[in-house]
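Dear colleague,

I am handing over the structure below, and I would be grateful if you could read through it with the notes that follow.

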Amino acid sequence: MARVFFPDHLMQLTAGVRELEVHAESFRDLVAEIERLYPGISKVLIGKVAVAIDGDIIHDPFLDPVGPNSEVYFLHRIEGG
Amino acid sequence: MGKTRVETKINGEQMEFLCEPQQSMLDVLRDTLGLTGTKEGCATGDCGACSVMLDGRLICSCLMLAVESNGRQLTTIEGISRGETLHPIQQKFLQHAALQCGICTPGFVVAAKALLDENPNPTEEEIRYHLAGNLCRCTGYDKIIRAVQDAAQTLRGEAS
Amino acid sequence: MSEARDYKVIGTRVVRPDGVDKVTGRANFGADFSLPGMLYGKVLRSPHAHARIKKIDTDAAAKIEGVYAIVTGADFPKVGHEEITGGEGAGDFADLATNVMARDKVVYHGHAVAAVAAKTSAIADAALAAIKVDYEQLAPVMDLDTAMADNATLIDERLFTAGLPEKPTKPSNVAAYMEFKRGDIAQGFAQADVVVEGTYRTPTVHQGYIEPHACVASINQGGQATIWCCTQGHFDVRSMTSKVLGMNVADIRVIPSEIGGGFGGKTTIYLEPVAMVLSKKSGRPVKMTMTRDEVFRASGPASATKCTIKIGAKKDGTFTAMSAWLAYEAGGYKGSSMAPGAMCVFAPYVVPHFLIQGYDVLVNKPKVAAYRAPGAPQSMYACESLIDDLARQLKIDPIDLRLKNAVSAGSQAAYGPKFNAVGFKECLEAAKKHPNYTKKLGPNEGRGLAAGFWFNAGMQSSAEVHINENGTVTVVEGSPDIGGSRASMALMAAEELGVPYERVRVVVADTENAGYNNVTGGSRVTFATGMAVIQAAGDIIAQCKQRAAATWGIEADLVDWKDGEAIPKPGVNADVKPLTLAQIAANSGRTGGPLLGRASLNARGAGPGFSINMADVRVDPETGKVDVLRFTAIQDAGKAIHPAYVEGQMQGGAVQGIGWALNEEYIYDSKGVMQNAGFLDYRMPVASDLPMIDTQIIEVPNPSHPYGVRGVGEVPIVAPLAAVANAVRAATGIRIPDLPLSPPRVLAALEAAKA
């Protein structure tokens, strides 16, 4: 089960839940599972946030694989200058 | 007001051009004569990107009226290298990675040449004060100073 | 994944391929480009910091001989609210469009209200002077305290603070609130033996690139346009311009010139859409450049901030709790770098309990843009200054205090995920051993130390590798070269292909002949575009193996590639000579066609970067002037592809940070007009201000990159602010929390302390 962590500013969309265990093999499936629990959240999780999967920050993941022990963190996007 | 005809020697070549009396030398170099190697960073004489030599003296071409060049000699960045060969200052800038974006580089090369023409063996402090009129935002000046020191050594005929 | 290996060319200090044109003045920067029939465009800018536009009368201007087009906000389409997903606080397309050309309101002195295209600059200036604008002036809001006060004058009456726990009922100048929490902050402070607190302010500063914004736009009567401009991201210029003007991206070709510095300030658009509309109206190409004055007043500086930090620690130095209250100025439109500032502030440390509260605040100043590690210098300046005071209070060496709490592989980053391998401890250990750490200091001299951090970005890059008929290599990529990246791309291609560096050429292509690339910035080019180049080279190698196999009549999987040649794998029975890249290329027409390798990716696994900076200063007690005597930058680069350019980033960022600490600030009068919009009084460091900048590159490889590369461009600006401030504290015995530590401020503090 992948462990998913929401930053404080997204917890407004998860009824205060910070941490979830989700069964999924790709980021797309992970988001679909989370959407089932919190309808509407996928509009933010896809395209509006960055994601760290097992420590690697990715902008716009979708097909990226998620492993059975993966840790997935949602983050504010960072582009830099 | 009509344009004024000006005759100037630039990089050893006799040139003539027409310009408005209020046009700066920098504007004429770039827009009339197509010598865009000299850059505009501020147009108020604070950044040195427009450095040229007027009768061998280092000046900001943005602070000079083009009409003032009549009958005089200018050296711009385009005149620093000779034919196929880069000037040692240019070679050392490349070797020492003394440029990152490169916009200030023409000004620094001209300013460095003006320094070494006058003082072939400057101390680090002398180099820094002489080049204080040239702004660089990318390099922090370290490698520029080292390049000029190395170029000075080469020009003095000493082994690097 | 990266493994220790002997590199043939990686790590050597080659001369960059675009160098000769840059030292001879041949390289073309943004303002160096011209087209026949070109007009000159100029912008009319608001004389007021905050006002409603009642009427614009362009009749007199239009009558001037040589004026070909005049535009105002009415000539630009209305753009709907849509978030610019360009990264931290990048903002909203509606705001971007209005920033480019004001509609009903101006929100900073210098805001564009009209533009003209004329035969000469002088005629354009005369036309601007003839445009009459009626303004209804409003009270300017010029600082955080004023903007955040109850009953503050509102800059956008329809703006309600986003992110508050309860939906607000009244509009506000606070555009957004964000919180980051871990553990129980009250408990964390209760566990502490010592609690320290400080409030720090940093001013509005500018990236200070020497090249002003410049472009030439040419649109034909069929709506097909070309823009030549200096930019860090030509694909972003294309997408942003298309949004602002309601155009199809396919109709806009953006050709990037060489760029004379950006540092984040050239990742957005200002002149380009205006030049386009002028070109459309006039039917001619239009050139626009900013004066230095306009660059300061009307591009995108970095946020002024107010940061309050509180740290709780045990007697032995273990941090128990940290809190941060961070307010960042966004300028006239929302979208500061508050979020990354909040994510970075405690990033180097293991902190069991923290609370970070951030505010994005509107003020009547130009809309901020990114500036090298956006947000981090300001918040980390505050935290690193306070840690310095804590070390003094606990009587613990500042390196040891940081080592005690330093993150390493497996630590939970303050912004969420666990770190993979990172080099913070290695930087600290290197600082401890560095000879500069123990050099003797004289009277009025002091040494300060601080840590720096930046995430570093991945994102999208594309690259192609073409093999020419003589076996030389052309790499085609789309990342404008700000700091020598062409050299690094050539080194990586040469290393992968096993050919000498001199056989490789690198081209930065435009939006029509490069594959899509995200911006040059975010410390991402060596990492992400480099990865695309490595993969494209790998594609070539795969093709070469196939061509060799076909030539030899064996299976492709029996072929190896070594040192630029195809050879049969060891043990394969084939009586053949190796085939070089040149030979395969010469024969490529017969074996399947030209050799063309390609790769495109959304790079993941960018390695976070850490640094430690040490500054030695002397403070003149009579004038308050601070001289930097010695500066040491230590940074983890993962793997330095070209060490001289890595050092260059470290030195350049250090000096920008020194300027931010000591002299740089936007000075405003009571009407909200900047008083020092030029290089004379916006005082950036010059060569005579500085010593050599000593550098030490640490290499803790990034496990997610084939060579271990970490981005290096942004980290260098973060630590110098506190390193210098801590040195001033050590030299004077006084903590001066507000930047810059310019002579008047330092002198006032010295005199107040004497009293």
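Chain C averages a pLDDT of 96, with 99% of the residues scoring at least 70; pLDDT is the predictor's confidence in each residue, on a scale from 0 to 100. For the complex, the predictor gives an ipTM of 0.98 and a pTM of 0.97. Where pLDDT is low, the predicted coordinates should not be read in detail.

This is a predicted model, in which local features need pLDDT of at least 70 and side-chain atom pairs count only at pLDDT 80 or more, while totals for chains, interfaces and linings use all residues. Residues are numbered from 1 along each chain as its sequence is written, and chains are lettered from A and ligands numbered from 1 in the order in which they are written.

**How the chains meet**

Two residues are taken to be in contact if their C-beta atoms, placed from the backbone, lie within 7 Å. Of the two pairs of chains in contact, chains B and C share the most contacts, and this contact takes 43 residues from chain B and 44 residues from chain C. On the side of chain B that touches chain C, the elements that give two or more residues are helix 2 (88-95), helix 3 (105-118), helix 4 (124-130) and helix 5 (142-155) of chain B, and helix 2 of chain B gives the most, with four residues. Helices (H or I, at least four residues) and strands (E, at least two) are DSSP runs, numbered from the N terminus. The residues on this side of chain B divide into 22 nonpolar, 13 polar and eight charged, where Ala, Val, Leu, Ile, Met, Phe, Trp, Tyr, Cys and Pro count as nonpolar, Asp, Glu, Lys and Arg as charged, and the others, Gly among them, as polar.

Chain A also meets chain C, with 22 residues of chain A in contact with 42 residues of chain C. Strand 4 (56-59) and strand 5 (71-75) of chain A each supply at least two residues of the side of chain A that touches chain C, and strand 4 of chain A gives the most to that side, with four residues. The residues there divide into eight nonpolar, seven polar and seven charged. Chain A and chain B, by contrast, do not touch, and their nearest C-alpha atoms are 14 Å apart.

**Domains**

Domain bounds come from an automatic or database domain assignment. Chain B is divided into domain 1 (4-79) and domain 2 (88-155), whose centres, taken over C-alpha atoms, are separated by 21 Å. The contact between them takes 14 residues from domain 1 of chain B and 12 residues from domain 2 of chain B, and strand 3 (residues 51-54) of chain B gives the most to the domain 1 side, with three residues.

For chain C, the assignment gives domain 1 (19-26 + 458-603), domain 2 (33-138 + 211-260 + 266-298) and domain 3 (305-456 + 607-754). The centres of domain 1 and domain 2 of chain C, taken over C-alpha atoms, are 39 Å apart, and 13 residues of domain 1 of chain C are in contact with 13 residues of domain 2 of chain C. The residues on the domain 1 side of that contact divide into five nonpolar, six polar and two charged.

**One helix and one residue of chain C**

A residue is called buried if 20 or more other C-beta atoms lie within 10 Å of its own, exposed if 12 or fewer, and partly exposed in between, with C-beta atoms placed from the backbone. Six of the eight residues of helix 3 (residues 93-100) of chain C are buried, so this helix is largely enclosed by the rest of the structure. Its buried residues pack against strand 5 (112-118), helix 7 (234-245) and helix 8 (272-282) of chain C.

Asn405(C) lies in helix 12 (residues 398-405) of chain C, and counts as partly exposed because it has 18 C-beta neighbours inside 10 Å. Leaving aside its neighbours within four places in sequence, Asn405(C) is in contact with Thr318(C), Phe319(C), Tyr349(C) and Val350(C).

With kind regards
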